[in-house]
Amino acid sequence: MIYDTIAAIATPFGTSGLSIIRISGDEAIEKAAAIFKGKNLIKAKSHTVTYGHIIDHHKKVIDEVLVTVFKAPKTFTKEDVVEISCHGGILVTQKVLERILEQGIRLAEPGEFTKRAFINGRIDLAQSEAIMDLIHAKNVNAMKLAVSGLKGDLSKLINELREELLFLIAQIEVNIDYPEYDDATQMSVELIKPHVLNLIKKLNTLLDDANKGKLIRDGVKTAIVGKPNVGKSSLLNALLNEERAIVTDIEGTTRDTIEAQINIGGITLILMDTAGIRETKDIVEQIGVKRSKKAIDEAELIILVLDQSRQLSKEDLELLEQTKNKRRIVVGNKNDLTKAIDLDIHMLSLSALNRQGLSDLEHEITTTLGITDLEEKDFNYLSNVRHINKIKEAISSMNEVVNAIDLGLPIDMAEIDLKKAWQYLGEITGDYHPEDLLNELFSKFCLGK
Ligand code: GDP
């Protein structure tokens with residue numbers, strides 16, 4: 001298929017040392033050569049860098065640049081690609097880009113380079129999504145997860161499962177096409193069921209670990225809750241190692257929810273600092289209280305802070321009760337003071353003020369999330385919600401197959417659902433791709449990717 005030639009600034013827009021403008025398409029080299037003063041780019045060898053200048057239509061120099069020429073098909077998009085490294089000023093970069101667009105080259109849409117890489121068959125859909133994950137990776141583990149996806153580890157697994165499904169579908173087809181082999185039909189129903197059950201088992205194993213993958217990729221929404229003055233802001237600050245939230249002695253100063261991110265043991269916690277939860281008549285504070293309750297509902301992890309130098313109050317008990325069915329860690333802060341509470345549940349004792357016991361808290365966080373000692377093999381987790389949903393749909397179709405077999409329904413009923421399962425799995429790698437899905441996916445990319 002022939003596409004028009006596209007261009008975009010591939011680096012973040014702003015003042016920087018360098019900016020890279022990427023051009024992809026049949027006319028990329030020829031059009032770049034037309035605005036370039038230096039050695040002839042058309043004659044440049046693939047994957048080589050040429051020094052020169054971008055010039056305007058009066059042949060005046062716009063910028064001094066390095067141009068890398070990549071000839072199809074061994075390029076990111078499988079098309080001819082030119083990358084122009086120019087100086088990073090907003091104005092200069094913009095001027096160079098404008099000069100390129102003047103040549104009749106179109107400005108790329110967000111994600112369009114990656115979309116071409118997909119459409120031209122260099123990477124599959126799951127790999128394209130991994131590129132986006134890589135760009136947005138919040139921590140080292142999320143990065144490893146994305147690299148594994150980009151390498152195609154997940155795609156390979158999915159393709160193997162699809163192969164198995166295809167084998168079953170083919171067997172059924174044979175039996176439908178040659179109904180005279182009655183015995184064979186009987187045989188294959190009996191044979192197909194254990195195969196399908198086995199496939200369901202494999203998919204369920206993938207799903208079991210998906211939650212871990214999701215936590216690694218997306219981070220963990222964490223609410224630090226506790227009544228006013230127990231030391232929530234102090235704890236947040238200690239964790240962040242910087243004074244970002246306001247810490248005072250006046251009750252209820254943390255009126256607004258403040259979001260901050262922190263990497264602990266390779267996991268990103270998205271911390272939602274909250275106002276103290278208590279009955280109050282103060283309007284501003286009430287908003288904060290409402291948000292705190294909302295935060296408890298929304299959080300995937302709750303750090304409930306108690307002041308262990310004071311006896312438990314009604315509010316503490318309420319919070320303990322409210323959070324008891326959530327994934328939570330109960331922290332007994334202010335352990336530098338005399339202890340006044342005795343709990344029959346596990347309480348992690350620390351001092352936010354003295355920054356003591358923080359590493360214990362970090363350890364407890366990763367254990368509570370079930371994410372300790374991650375091994376390399378773990379980086380093949382499902383982590384993308386779209387993939388997880390497709391796997392769920394595939395499982396439910398395969399359950400239908402088992403039902404149909406158990407009910408003694410005609411074998412072609414089972415075949416319909418097997419094909420559905422095959423299709424759902426294909427949607428993960430993009431082997432079966434409705435156009436709108438593609439548009440939605442790639443539009444989430446940044447410009448120039
Ligand atoms: P919040 O209202 O729960 O956010 O509590 P703050 O973080 O504002 O802390 C309330 C007060 O407790 C402040 O005066 C802090 O300095 C103090 N505080 C916090 N952590 C500790 C601690 O570990 N030990 C002691 N002694 N005081 C603390």
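Reader: In which strand is the place of His87?

Author: This is a predicted model. Look along residues 81-88. His87 belongs to that stretch, which is strand 6.

Reader: Is His87 buried, partly exposed or exposed?

Author: Buried needs under 20% relative accessible area, and exposed needs over 50%. His87 has 35% relative accessibility. That value lies in between, so His87 counts as partly exposed.

Reader: How many Å apart in space are His87 and Ser16?

Author: In sequence, His87 and Ser16 are 71 residues apart. Neighbours up to four places away aside, His87 touches Gly17, Leu18 and Ser19, among others. From C-alpha to C-alpha, His87 and Ser16 are apart by 7.6 Å.

Reader: What share of the contacts in the chain comes from residues 24 or more positions apart?

Author: Take the contacts with a separation of 6 or more. The chain they belong to has 14 helices and 13 strands. Residues 24 or more positions apart account for 67%.

Reader: Which bond is cis, with omega near 5 degrees?

Author: Go to the loop between strand 5 and strand 6. Pro73 is found there. The cis peptide bond runs from Ala72 to Pro73.

Reader: Is Lys59 buried or exposed?

Author: Lys59 is in the loop between strand 4 and strand 5. Its phi is positive, near 70 degrees, though Lys59 is a residue other than glycine. Its relative accessibility is 65%, and the cut-off is over 50%, so Lys59 counts as exposed.

Reader: What is the phi of Arg355?

Author: Arg355 sits in the loop between strand 13 and helix 11. It is partly exposed, with a relative accessible area of 39%. Arg355 is not a glycine, yet its phi is positive, about 55 degrees.

Reader: Why is helix 3 described as largely enclosed by the rest of the structure?

Author: Helix 3 covers residues 112-119 and has eight residues. Among the buried ones are Phe113, Lys115, Arg116 and Phe118. Helix 3 is largely enclosed because its buried residues number seven of the eight.

Reader: Which residue just after helix 3 takes a positive phi?

Author: Step just past the end of helix 3. The phi there is about 80 degrees. The residue is Gly121.

Reader: Which residues does Arg122 contact, leaving aside neighbours within four places in sequence?

Author: Arg122 lies in the loop between helix 3 and helix 4. With a relative accessible area of 40%, Arg122 is partly exposed. UniProt, in an unreviewed entry, places a "binding site" at Arg122, and also at Arg22, Glu83 and Lys449. The contacts of Arg122 are Thr75, Phe76, Lys78 and Ala117.

Reader: How are helix 4 and helix 13 oriented to each other?

Author: The two helices pack with their axes 5 Å apart. Their angle is about 40 degrees. Angles under 35 degrees would count as roughly parallel, and 65 to 115 as roughly perpendicular. Helix 4 and helix 13 are therefore oblique.

Reader: Which residues of helix 13 make the contact with helix 4?

Author: Helix 4 brings Leu125, Ala126 and Glu129. The residues of the contact divide into three nonpolar, one polar and two charged. From helix 13 come Glu427, Ile428 and Thr429.

Reader: Are helix 12 and helix 13 roughly parallel or roughly antiparallel?

Author: Their axes are 8 Å apart, and the angle is about 170 degrees. The cut-off is over 145 degrees. That makes helix 12 and helix 13 roughly antiparallel.

Reader: How many charged residues are in the contact of helix 12 with helix 13?

Author: In helix 12, the residues include Arg386, Lys390 and Glu393. In helix 13, they include Asp417, Lys420 and Glu427. By class, the contact has 11 nonpolar and two polar residues, and the charged ones number seven.

Reader: Is Ser233 buried or exposed?

Author: Ser233 is in helix 8, residues 232-240. An unreviewed UniProt entry gives a "binding site" at Ser233 and Thr254. The relative accessible area of Ser233 is 9%, and the cut-off is under 20%, so Ser233 is buried.

Reader: What percentage of the residues of the chain count as buried?

Author: The chain has 449 residues. Its accessible surface comes to about 22500 Å², with 53% belonging to carbon and sulfur atoms. The residues that count as buried make up 48%.

Definitions and conventions: Residues numbered from 1 in each chain as written. Predicted model: local features only at pLDDT ≥ 70, side-chain atom pairs only at ≥ 80, totals over all residues. Heavy atoms only, no water. UniProt positions renumbered as here; feature names shortened; annotations may be inferred. Helix = DSSP H or I, 4+ residues; strand = E, 2+ residues; numbered from the N terminus. Buried < 20%, exposed > 50% of the residue type's maximum accessible area, 1.4 Å probe, protein only. Contact = heavy atoms within 4.5 Å. Areas by Shrake-Rupley, 256 points an atom, 1.4 Å probe, with all protein chains shown as cover. Axes fitted to C-alpha atoms, helices over the stretch in contact; angles between N-to-C directions. Nonpolar A, V, L, I, M, F, W, Y, C, P; charged D, E, K, R; others polar.
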